[in-house]
Structure formats: C-alpha cells, structure tokens
Amino acid sequence: MNLEERISRHMERLFEHAQDTTANRELKEEIHSNLTARVEDYFDQGMSEEQAFEKAIQHIAGLDQIMTDQHQVQRFPYWTAVLQSALIYCLIAWIITIPMRVLMEGKIVNFWLMIASALVGGAYLLYMWSNRERQRNAEATTTVIRSTTLRKWTRIAWWMWGALILVLWSTQAALRFGSNIWYSRPVQVEGPYQLAVLVIAFVIPLLTIIVPLIVQKAGRLVREFEVGEIRG
C-alpha cells in the first residue's frame, strides 16, 4: 500500500461516522490536503515514510470525536419541540402548586410559575408566528449542534440544581429548626397546618427541577430531529 492509499484509508476511517454534509466533505478535503502536505514536509526533512505518516496524523488526532460529536438538526422543528417541552414543564409545575395557594408562600410561587408559563408560551407563539413560512418546509433550514456541549450543559444544570437544593434546604432547616438544634430541644410539629407549611417549604425548591429537565430534553431531541444531506 503506497502513501496516498494509506492517507485515503485513514481519512475514510476518520470520517466513517461523520454525517454526509457539505461542510464535512469540505473539511475532509481540507484535512486530506493538509495531511498530505505534512507527510511530504516530514519526508523531505529526512524522516522515513512510516515516521512521516505517524507524525502527521498526530496533528489531527481527536478529529474523529469531533466528527461524531456534530449533529445537524432541523432548526424549526427542533426549537419548536424544545419550547413545547419548556411550556409543558412550566404548566405542570404551575398546576402542582395550585393547592399550595392556601399559604402565602404557595401563592407567590404559583403566581411566578404562571408568569413563567405565560412568558414561555408567548415565546413559543412568537417563534411559531415568525417562522410560519418554514412550517411548510421544515427541513429547509438546519443547524449544527454539538452533543458534548449539550452533555456538558446538562451536567452543569444538574449540579447547579443539586447545589441550589442543598443551599435552600439548609437555609429552611436553619430558619425553622436552628434554635431547637442549638438549644438541644426536640423538633415538634403542632397540627396539620404547621405540617403543611413545613412540607410546602421544602417542596417548593424542588420545582426548580424544570430547568435541568429542559436542558436534558433539548439534548434528547437532537436525535429525533437529526438530518443528513444527500450526497450530490
């Protein structure tokens, strides 16, 4: 196998799992040209063919991961589905907090969830209206999304949510039971009303889970709306 065949085989293996898009084909040609030039340059420096080839491919190591990391999705259907999911999560959280309106904290949280639902719903309707022409040809416009970026933001969202819950629960525990713990007095819950207040105080922070859920849903929707170009 001559040097050109080795380079061609390496490029085919490198782009084996990459999507067949114009951008990837152009990138493949550019990398092929660059790799060939590097091999020739190292060969002229006195390296053997094997050494020149091995050193040249080190400069493009990791590109196979980059290729499989990129996903081309239908822009309009994808973002429509993301906004729909966000709206559903907000509405579910709003409905869940309706019984909590018997308490002032519940009224406040329910009100702001209603506002959040209205804002997300308005954004959804505005996006649908501004892209009404694209609804007839949903695949006309695409966008590239990197799965590693989405996974990174999903992890960040969950870690931040966990930290937020820990802080809020710790604050609630300190405010409600701090003196009892400090003076070694037993914690007492007097009656169902006080129990309801206590439960709601610790449940309300959990509603912020809709944020990491939306981010995670955005990552899962990539595969559903992923497309590839047909080679011309």
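In the predicted model, helix 7 (residues 147–182) and helix 8 (residues 191–203) are roughly antiparallel to each other, their axes coming within 9 Å and crossing at roughly 155°. Helix 7 contributes Trp169, Gln172, Ala173, Arg176 and Phe177 to the contact, and helix 8 contributes Val197, Leu198, Ala201 and Phe202. Sorted by class, the residues of this contact comprise seven nonpolar, one polar and one charged.

A network of salt bridges links Arg6, Glu50 and Glu54, and the count of salt bridges comes to two. In one of them, the side chains of Arg6 and Glu50 meet with an N to O distance of 2.7 Å; since Arg6 belongs to helix 1 (residues 3–14) and Glu50 to helix 3, this pair ties together parts that are 44 residues apart in sequence. Arg6 also forms a salt bridge with Glu54, for which the closest N and O atoms are 4.0 Å apart, and this pair, again between helix 1 and helix 3, ties together parts that are 48 residues apart in sequence. Glu50 is partly exposed, with a relative accessible area of 40%, and Glu54 likewise counts as partly exposed, at 33% relative accessibility.

The buried residues of helix 3 (residues 49–58) are Ala52, Phe53, Ala56 and Ile57. These residues cover an arc of only 120° around the axis and therefore lie on the same side of helix 3. An α-helix has 3.6 residues a turn, so residues three or four places apart point the same way.

Asn110, placed in helix 6 (residues 104–130), is buried, with a relative accessible area of 4%. When neighbours within four places in sequence are left aside, Asn110 is in contact with Trp94, Thr97, Ile98 and Arg101.

Methods:
Residues numbered from 1 in each chain as written. Predicted model: local features only at pLDDT ≥ 70, side-chain atom pairs only at ≥ 80, totals over all residues. Heavy atoms only, no water. Axes fitted to C-alpha atoms, helices over the stretch in contact; angles between N-to-C directions. Helix = DSSP H or I, 4+ residues; strand = E, 2+ residues; numbered from the N terminus. Parallel < 35°, antiparallel > 145°, perpendicular 65-115°, else oblique. Contact = heavy atoms within 4.5 Å. Nonpolar A, V, L, I, M, F, W, Y, C, P; charged D, E, K, R; others polar. Buried < 20%, exposed > 50% of the residue type's maximum accessible area, 1.4 Å probe, protein only. Arc of directions from axis to C-beta.
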